[in-house]
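Trainee: Could we take a close look at one part of this model together? I would like to go through its charged side-chain contacts.

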Amino acid sequence: MLGRRKALFYEKLPDKKVKCKLCPRNCILSPGQLSFCKVRKNIDGELYTLNYGIISALGIDPIEKKPLFHFYPGSPIFSISTFGCNFKCPWCQNWEISQSEPNLSYASYYPPEDLIKLVKKYRSPSIAYTYNEPIIWYEYVLETSKLAKKEGIMNVLVTNGHICMEPLEELIPYIDAVNVDIKAFSQDVYSKYIKGYLEAVLEAIEEMKKKGVHVETTYLVIPGVNDREEEFRKMVRWHLDRLGDDTPLHISRFFPHYKFLDTSPTPTETLERLWKVAQEEGVKYVYVGNLPGHRGENTYCPSCQRAVIKRIGFAITEWNLSEDNRCKFCGAEINIRGRKWKEVGGHYWWLFI
Amino acid sequence: MVALHLKYEAVRGLATFTAHSGTGKLHPIYKSLKDAYIYLTLDADIG
């Protein structure tokens, strides 16, 4: 059956029950029972993944949309998704795929080998496992990223970071960059809305950073949920302490989606206030997201404060860095992995849509 | 954000705001209004 594959990381329990050990939720499933993430199932005492290679969306995005601003800037990234999620965020922007079971009527089956062929055909330097949570299609991500690595293609995760340490350790060697979304800096929010564990997310981010994965984080500011300055400041202090001052932080604007249609988009003033807080605390690279044309989209040199990369939306409009990623004005080193993409310019990504 | 949301995003009407950069002309970084429109109306991905 397409999409069905024996799962990794689970434990067999008495009475043909199984315990999934992929994410910290650790679902215990009776025979026939579906997991919380809707894509893993106990079939006769064995755990199976149901979304292996069931690709719900596929397209070439600019890497800035992940968002990754400090990793091969301006490059196209082949972005794919499946179905399901181990969180239940009621504001999810991709809830049609994240909160549903795998459905082949709306998807196509791509075994890893076929996907890699497609990535090579479109000459994309990297693959993003994104749109819905990649942790819960772990088996496909692992296999595809191994193949990609062999072909010199980089792997990027856009993730909520809710993963157990053992599967994370096995995946890390194949992952080049990650953007992790910190939904809030309060377990109350994680318990009330998301149904996950903040501490596990923070541990996963730290581990990836420690192991040399390029890390950027995102904080989607939702009015009335996680926009309190005090909470945000705590998150920023954690960021500085555990990830360092040169790890980029994206503060993104919320727009109404899914069950949060009555909540207004984040006011610009709120985003600017939090942007300032992060800068005051000492984060060197802080960005305002989903507000095209705002000056918070630019990269400023932490040494001379001049704009070294200017952006509008996901496009780079000005580049003031040397070949070795130093500020053209004062020579300070800017924490950017890889060089600016020069091949095409990233303006063809929408041809897939 | 996955591109299937494009239609929904149309209601936000952000494209003309920045694509035209206040001058009434398409900003030179965009090859067409369609290009600008897609760039400006999709949210960044969320993990």
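Trainee: Let's start with one side chain: is A:K284 buried, partly exposed or exposed?

Mentor: Happy to! Keep in mind that this is a predicted model. A:K284 is partly exposed, with a relative accessible area of 40%. Its salt-bridge partner is A:D245, and their closest N and O atoms are 3.7 Å apart. This pair joins distant parts of the chain: A:D245 sits in the loop between α7 and β15 (249-253) of chain A, while A:K284 belongs to the loop between α8 and β16 (286-289) of chain A, 39 residues apart. A:D245 is likewise partly exposed, at a relative accessible area of 30%.

A:R233 and A:E281 form a salt bridge through their side chains, at 2.6 Å from N to O. A:R233 lies in helix α7 (residues 229-243) of chain A and A:E281 in helix α8 (residues 268-281) of chain A, so this contact ties together parts that are 48 residues apart in sequence. Both residues also belong to a salt-bridge network, whose other members are A:E229, A:R237, A:R273 and A:E280.

For a local contact, look at A:K210 and A:E207, a salt bridge whose closest N and O atoms are 3.9 Å apart. These two are three residues apart in helix α6 (residues 198-210) of chain A, which means about one helical turn separates them. A:K210 is exposed, with a relative accessible area of 64%, whereas A:E207 is buried, at 11%.

Methods
Residues are numbered from 1 along each chain as its sequence is written. Chains are lettered from A and ligands numbered from 1 in the order in which they are written. This is a predicted model: local features need pLDDT of at least 70, side-chain atom pairs count only at pLDDT 80 or more; totals for chains, interfaces and linings use all residues. Side-chain values use heavy atoms; hydrogens and water are left out. A salt bridge is a side-chain nitrogen of Lys or Arg within 4 Å of a carboxyl oxygen of Asp or Glu. Helices (H or I, at least four residues) and strands (E, at least two) are DSSP runs, numbered from the N terminus. Buried means under 20% relative accessible area, exposed over 50%, partly exposed in between (1.4 Å probe, protein chains only).
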